[in-house]
Amino acid sequence: GLVGGIEVQRQRGDGALVDARLSAALLEDAAGRPTGIIAIIEDITDRKRAERALRESEARFRSVVDLVPDLLWQCEPDGSWAWCNSRWYAYTGQTPAEAEGFGWLSAIHPDDRETSDAVFAAAVTARSTFRREHRMRRRDGAYRWCLVQAEPYRDEAGQIVRWFGAVTDVHDQRLALETAEAARAEGDAARQRVAFLAEASARLSGSLDVETTLRTVADLAVPALADWCFVEVREEDGTIRPMAIAHSDPAKVALVHEGLRRYPIDIEAPFGTGHVLRTGQPELAPEITDEILRSIAQDAEHLALLRHIGFRSSLSVPLFDSDGRPVAVLSLVSAESDRHFGPADLAMAEEVARRASAALGSARLYAAEQAALRRAT
C-alpha cells in the first residue's frame, strides 16, 4: 500500500533545517509477497516557509484588527456571516455560534432591519458601497446608533466574492448633533415668541377695538407659532362664540366654523375651551391623544370630524374681565406641522392673554364712558 503525507524536518549536512514530505509504496510480487519499498522524499521547505509566513501574517492581522475600536467584519455575497474581529463579540455580546449565518442580523434594531436589508440589497444590485446608519444592540441591551459601511471585493471576472465592512458607534456624536439642532430650533422658536409678543402687545395697546385686535393677534400667530389660533368668548347668555379662527387654509377655517355651528362648545367639557372658561386655569396638551378627542366629542360624527382636522398639540389660556372672571380663551393648536407645545409656549401665551385682558378691560371701560356721555346728552 501507499504511505503518504508524512512531513518531517531534518537537518542537512550544512546544518540547515529542511522540511520534507515522505511518501512510500510497498512493492509486491504476483503472489502478493513484499519484494521492496519505493520511497519519495520531497523538499517542501519553501512551501512550509510560505505557510508559516501566512499564519504569522494572519496572526499579526488579527492582532491588529482586534485593537481597532471599530467592529470589522466580512460577509459572503449573500450577506451570510464569514468573519469578524473580537470587537464585534465584545460589543454585541454575541457568540460566534450566534452570529453565524444570518444570526448577526439579530443585533440590529428590529425597526431598522428591513430598511437596512433594502439598502444592502440595492448595494448588492449596484455592486457599490453600502453605507447606512442604524441602531445596534450593545451587550448591555441598549440600542445605539452606528454607522455601517461595506465595500465589495470582486474576483477577476468582476463578481463579488466577499463584503468587507466596519461598524462605528456614532451614538454620542448623533445625540450631540441632535441636541445642537434642538437648541438652534428652540432659539428660533424663542425669537419667534418674543417677536409675536412684541407685535401683539403693540396691537393690543394701540386699539380700543379689542375684538378686531384679537382677530389680528390670531392672524399673527399663524403660521409663525401654530397652525391654528382660536379666540373664543363667553357671551352674557352663557353661549361660547368663536371670535377669531385663524389658519392658512380658508377651506379648513370654514370647515371648523361649520363644525362649531353643529357642535357648539360645551362649557362642561373636560378639555379645551369649556374647561378653561369653567376653571379659569390654563391648559397645555403637548400631545392631543385620541382619548382626549373622545372625551370632548359629542357623537361619533363629531369625533370623526375632530380626527379629520388632525389636531396634534394645543395650549389654551383664559382672558379675564376686570372682576377676575374668565370671559374668553386664546388657544394655539398644531396640526400639519406636528409641533409640540411646551411650558415656554404656554408662558408666552399667558403673557399675551394678560395684556389682552387689560386691553379688554380698557375697551369696556371706554365703551361704558361713551354710553354714559350719550345718555347725559
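**Entry 1: Ser334**

I began with the side chain of Ser334, which reaches the backbone oxygen of Arg339 at 2.5 Å. I keep in mind that this is a predicted model. Where does Ser334 lie? I found Ser334 in strand 13, which covers residues 326-334.

Next I asked myself: is Ser334 buried or exposed? Its relative accessibility is 0%, so I noted Ser334 as buried; the cut-off for buried is under 20%.

Setting aside neighbours within four places in sequence, I listed contacts of Ser334 with Asp227, Gly310, Phe311, Arg312, Ser313, Arg339 and Phe341.

I moved on to an open sheet whose 5 strands come in the order 5-4-8-7-6, with antiparallel pairing. Which strands stand at the edges? They are strand 5 (81-84) and strand 6 (130-137); each has a single partner strand, so one side of each has no neighbour in the sheet. From one strand to the next, I noted an average twist of 30°.

A friendly reminder to myself: strands of a sheet pair through backbone hydrogen bonds, either parallel or antiparallel.

How many bridges join strand 6 to strand 7? I wrote down 8, with strand 7 spanning residues 143-154 and the two running antiparallel. For Arg135, I found that the bridge partner in strand 7 is Trp145.

Last, I saw helix 5 (residues 171-205) packing on the sheet, where it touches strand 6, strand 7 and strand 8 (160-169). The direction of helix 5 makes about 120° with that of strand 7.

How values were computed: Residues are numbered from 1 along each chain as its sequence is written. This is a predicted model: local features need pLDDT of at least 70, side-chain atom pairs count only at pLDDT 80 or more; totals for chains, interfaces and linings use all residues. Side-chain values use heavy atoms; hydrogens and water are left out. Two strands pair if DSSP finds at least two bridges between them. Helices (H or I, at least four residues) and strands (E, at least two) are DSSP runs, numbered from the N terminus. Axes are lines fitted to C-alpha atoms, for helices over the stretch in contact, and angles run from 0 to 180 degrees between N-to-C directions. Contact means heavy atoms within 4.5 Å. Buried means under 20% relative accessible area, exposed over 50%, partly exposed in between (1.4 Å probe, protein chains only). A polar contact is a pair of N or O atoms within 3.5 Å; within protein, one must be able to donate a hydrogen and the other to accept it, and residues adjacent in sequence count only if both atoms are side-chain atoms.
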